[in-house]
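Dear colleague,

Please find the structure below. A short account of what was found follows.

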Amino acid sequence: MPLRVLGIAGSLRAGSYNRALLEAARELAPAGMEIEIFAGLREIPPYDQDVDAAGAPEPVAALKRAIAGADALLVATPEYNYSVPGVLKNAIDWASRPATTSPLYGKPTAIMGASSGISGTIRAQLALRQSFLFTNSPTMIKPEVTVPRCADKFDASGRLTDETTRALLRQLVEALPAWAARFRTA
Ligand SMILES: Cc1cc2nc3c(=O)[nH]c(=O)nc-3n(C[C@H](O)[C@H](O)[C@H](O)COP(=O)(O)O)c2cc1C
């Protein structure tokens, strides 16, 4: 059976480096790993607990189905004001309900991120890791893939060209199957 990984990029930007980082992960993934990149983030409405109680809108249901159907998540987060972009946090908030039966509950997860600053999403990744504590999504600890000064690491077509980052990303995708196996529920 292939390991099905759902990639989520926390950016709506057409030229997003974080989506490009997920594309690179797909390119570097070991045999037997399939990475699907979630395409519906833009359609997720602002979280409203009343709407949630009445029944999740279809874009949210699609997100929850995609998470439930994946063996692991791979989230690429930009850093906005030292934290996670609102669109990504909003999607996590929707996916996190009901708290103990959500598709995030127990879902093995890996995180990474690219930013234009020198810290390469260190702070955003800590914030994301904190959300995944509450959702009980076991989040891989090492390797930490942080991509500072991201514009220098990709070519004009969005291909990750920096060899150091490619090697680090390869380590991450190679470590993910064992991490997912540790927390497999079915
Ligand atoms: C609202 C906003 C806040 C930002 N805050 C940070 C920040 O705290 N740290 C940082 O390194 N870059 C910050 N940036 C720059 C982003 O790292 C940069 O735009 C990056 O390319 C976003 O990721 P993307 O290419 O996947 O869209 C910010 C950008 C925006 C639009």
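A residue is called buried under 20% relative accessible area, exposed over 50% and partly exposed in between, with a 1.4 Å probe and protein chains only. This is a predicted model, in which local features need pLDDT of at least 70 and side-chain atom pairs count only at pLDDT 80 or more, while totals for chains, interfaces and linings use all residues. Residues are numbered from 1 along each chain as its sequence is written, and side-chain values use heavy atoms, with hydrogens and water left out.

The structure holds three aromatic pairs. Rings of Phe, Tyr and Trp (its six-membered ring) pair if their centres lie within 6.5 Å; planes under 30 degrees apart count as stacked, over 60 as edge-to-face and the rest as tilted.

One of them is the tilted pair of Y17 and F154, at 5.3 Å centre to centre and 40 degrees between the planes. Y17 belongs to helix 1 and F154 to the loop between strand 5 and helix 6, so the pair ties together parts 137 residues apart in sequence. (Helices, H or I with at least four residues, and strands, E with at least two, are DSSP runs numbered from the N terminus.) Y17 is partly exposed at 27% relative accessibility, whereas F154 is buried at 6%.

Another pair joins Y47 and W94: the ring centres are 4.6 Å apart and the planes stand at 65 degrees, so the pair is edge-to-face. Y47 is partly exposed, with a relative accessible area of 26%, and W94 is buried at 0%.

Yours sincerely
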